Amino acid sequence: MEKYEIVIVGGGPAGLAAAVSAKEEGAERILILERDETLGGILNQCIHNGFGLHTFKEELTGPEYAQRFIDRTEELQIEYRLNTMVMDISRDKVVTAMNREKGMFQIEAQAVILAMGCRERPRGALNIPGYRPAGIYSAGTAQRLVNMEGFLPGREIVILGSGDIGLIMARRMTLEGANVRLVAELMPYSGGLKRNIVQCLDDFGIPLKLSHTVTRIHGKERVEGVTVSKVDAAGEPVAGTEEYYPCDTLLLSVGLIPENELSRGMEIHLSPVTSGPVVDDRLSTDVEGVFACGNVLHVHDLVDYVSEEAYLAGKHAARYVSEIGNSKQAGRGRKISVSGQDGVRYTVPSQIYPETMEETLTVRFRVGNIYKDRYLSVYLDGERILHRRRPVMAPGEMEQIILRREDILKRHDLKSVMVKIEEV
């Protein structure tokens, strides 16, 4: 059986950044396993700009951003295998994978980093009445067809869901000569970044209908049109509000789901909110030596944050391996829970170990609704240490706060950190 110090599942932005970080931290035998034919993951089809402003202090396209990390991976001589599907990972970190050259093979790892990314929610999860005609695509599939395959899915487009991919594809399809009739969104707010609403819809005069959804797809062989209805507070269609839009294509941008089948197979504890692993301040799961980062952990809005998170996972995975080799493993001391309430849906991480944490720790989270002119507060066992006024917070944009180790350490009996939204 092959043996590696660190095996990374996924060669997208998270996997590449984790590999580079682990190598720079001193790990030697690192292997990236990627199921696609190239490294870079989803960024290869994201040809629009807006990437890299935080990481590289310049604006890059998706492929340019990915290439920076691919080049660094090559420079550091980090090994990777393409067209390789990971089938299973045991709790003692034996990775079972397969590819055309080796068939089925196993690798024994001292540490594993999960960086599988996420997938789009399919039509089957939506229960829209109608036949199964041609012309229904997820927004990501349409993006790949247009940007990589050179194929235009349709000419008259309706988009359901206002996630970032849907908003970006509204602009992309318009630039390719298609007519985007509207973007319908079930929720009373958009699921995408504010800048994408402005640059992709407002700048092109594409209407966004909030609290609306597609209630019927017309056409048997090919999409001929859709019926869009207003929904009430419970998300149920309101009778009498139906509008018919003729179209030949329906794009679905209705949410992303972290790819955690391997995590479930390992019986890793998953968050019911994010569908990703529950991790501590080292991005370590509850299975020893297994770390998670990127969109497999929780869906991000900016790839720069994915890279930042993955750097942390790679660094701690390398340190974990070093501790094994030097027999320095020791208990991490007391554990403190981190959670959200009053509008904060979840936090990453969910627990911290103050004795071994970094000097500063970034805690990321999303809110559950649009909040205007509120305070973002942090409590340590009921004592408020942060009270920051925010003009607006929305579910489509990730929020973050910084915890300082010195604030945690000086409270010897601290049990919990709470992040919440408060009225002005």
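## Terms and model

Patches are made of residues with over 30% relative accessible area and no salt bridge; like charges are joined within 9 Å, and nonpolar side chains (Val, Leu, Ile, Met, Phe, Trp, Tyr) within 5 Å. Accessible areas come from the Shrake-Rupley method with a 1.4 Å probe, and for residues only the protein chains shown count as cover.

This is a predicted model: local features need pLDDT of at least 70, side-chain atom pairs count only at pLDDT 80 or more, and totals for chains, interfaces and linings use all residues. Residues are numbered from 1 along each chain as its sequence is written, and side-chain values use heavy atoms, with hydrogens and water left out.

## The methionine patch

Met85, Met87, Met98 and Met104 make a nonpolar surface patch. Its area is about 380 Å². Met98 sits in strand β5 (residues 94–99); strands (E, at least two residues) and helices (H or I, at least four) are DSSP runs, numbered from the N terminus. Met98 is partly exposed, at 35% relative accessible area. On this scale, buried means under 20%, exposed over 50%, and partly exposed in between (1.4 Å probe, protein chains only).

## Salt bridges across the sequence

Side chains of opposite charge can pair when their charged atoms come close. A salt bridge here is a side-chain nitrogen of Lys or Arg within 4 Å of a carboxyl oxygen of Asp or Glu. The whole structure holds 28 salt bridges.

One of them joins Glu25 to Arg319, with the closest N and O atoms 3.1 Å apart. Glu25 lies in the loop between α1 (13–24) and β2 (30–33), and Arg319 in helix α7 (residues 303–325), so this pair ties together parts 294 residues apart in sequence. Glu25 is partly exposed at 34% relative accessibility. Arg319 is also partly exposed, with a relative accessible area of 34%.

## Local pairs and a network

Glu261 and Arg264 form a salt bridge at 3.7 Å, N to O. They are three residues apart in helix α6 (residues 261–265), separated by about one helical turn. Glu261 is partly exposed at 41%. Arg264 is partly exposed at 44%. Both residues belong to a network of salt bridges that links Arg35, Arg119, Glu259, Glu261 and Arg264.

Another salt bridge pairs Glu406 with Arg404. Their closest N and O atoms are 3.7 Å apart. Glu406 is partly exposed, with a relative accessible area of 49%. For Arg404, also partly exposed, the value is 39%.
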